Amino acid sequence: MTRATSHPVLIAPSLLAADFTRLAEEVEAIEAAGADWLHLDIMDGHFVPNISFGPAIVKALRPLTRMPFDVHLMISPADPYLAAFAEAGADLISLHPEAGPHLHRSFQTIRGLGKKAGVVLNPGTPVEVVAPVLDMLDLILVMSVNPGFGGQSFIESQLGKIAALRGMIDRSGRDIRLQVDGGVTARTAPMCIEAGADVLVAGTAVFGAPDRAAAVAAIRGPVGAARNIEDARA
């Protein structure tokens, strides 16, 4: 394991696990529960074996919260839809290297739209793909499950990848967030934080909890909470 990041630990509940008959209430509830970002999983039934929602839902939710919108595109090709999600209210747009032929150009487009850019690594995607685009990134997302469905179990072999990426980020000196998505719970979150993650995506563990505030606090954990207090005092 590598040293933990000095960034505050942020919790980004995934809207995919929300009650879709009450989306407005669900978003307002997790913000009140202490969530930091809203994670929006966009699936096309082609790049991943599921279909979720598109820019219209993002646009409808944007006026309801001040949380940053963290849009994860699990679609291919991604480039034709970057402007639509930017205009809908995305603050950060992440995509997979496998989703198009010109990763660097995709990030140029995202930045040209005035948005932050992230790259997503599936369990089978090597760390090395990040190096050529590191200077374009605001976020690296490690998938600790295979993308496409919520409620999957955490793949612990991805902890080594998180640690390797933390080392890469630290050596670069760049201000890049390191995010983990998939099977993140109060049990697995401390392992992710210890490995170097500073943004944790949780779906069922937050939206499926009877007490969302307690769930957010449990995932952030004592280490994350202490770091956030230190950051607020700085």
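Tutor: On a 1 Å grid over the protein atoms alone, a pocket is an open set of points where a 1.4 Å probe fits, with protein on both sides within 12 Å along at least five of seven lines, and lining residues have an atom within 4 Å of a point. Its volume is the space filled by probe spheres set on the points, which are joined across faces, edges and corners. This is a predicted model, in which local features need pLDDT of at least 70 and side-chain atom pairs pLDDT 80 or more, while totals for chains, interfaces and linings use all residues. Residues are numbered from 1 along each chain as its sequence is written, and side-chain values use heavy atoms, without hydrogens or water.

The largest pocket holds about 320 Å³ of space. Its lining has 24 residues, and Gly150, Gly151, Asp181, Gly182 and Gly183 lie nearest the centre. Strand β2, strand β8 (199-202) and helix α7 (204-207) each give this lining at least two residues; strands (E, at least two residues) and helices (H or I, at least four) are DSSP runs numbered from the N terminus. By class, the lining has 12 nonpolar, 10 polar and 2 charged residues (Ala, Val, Leu, Ile, Met, Phe, Trp, Tyr, Cys and Pro are nonpolar; Asp, Glu, Lys and Arg charged; the others, Gly among them, polar).

Asp41 sits in strand β2 (residues 38-43) and is buried, at 5% relative accessible area (buried is under 20%, with a 1.4 Å probe and protein chains only). Beyond four places in sequence, Asp41 touches Ser14, Leu16, Ser52, Phe53, His72, Met74 and Asp181 (heavy atoms within 4.5 Å). Its side chain makes a polar contact with that of Ser14 at 2.6 Å (N or O atoms within 3.5 Å, one able to donate a hydrogen and the other to accept it; residues adjacent in sequence count only if both atoms are side-chain atoms).

Asp181 lies in strand β7 (residues 177-181) and is buried too, at 10%. Among its contacts beyond four places are His39, Asp41, His72 and Val201. The side chains of Asp181 and His39 make a polar contact at 3.3 Å.

The second largest pocket has a volume of about 190 Å³. Its lining includes His7, Trp37, Lys116 and Arg177, and divides into 3 nonpolar, 1 polar and 6 charged residues.

Definitions and conventions: Buried < 20%, exposed > 50% of the residue type's maximum accessible area, 1.4 Å probe, protein only.
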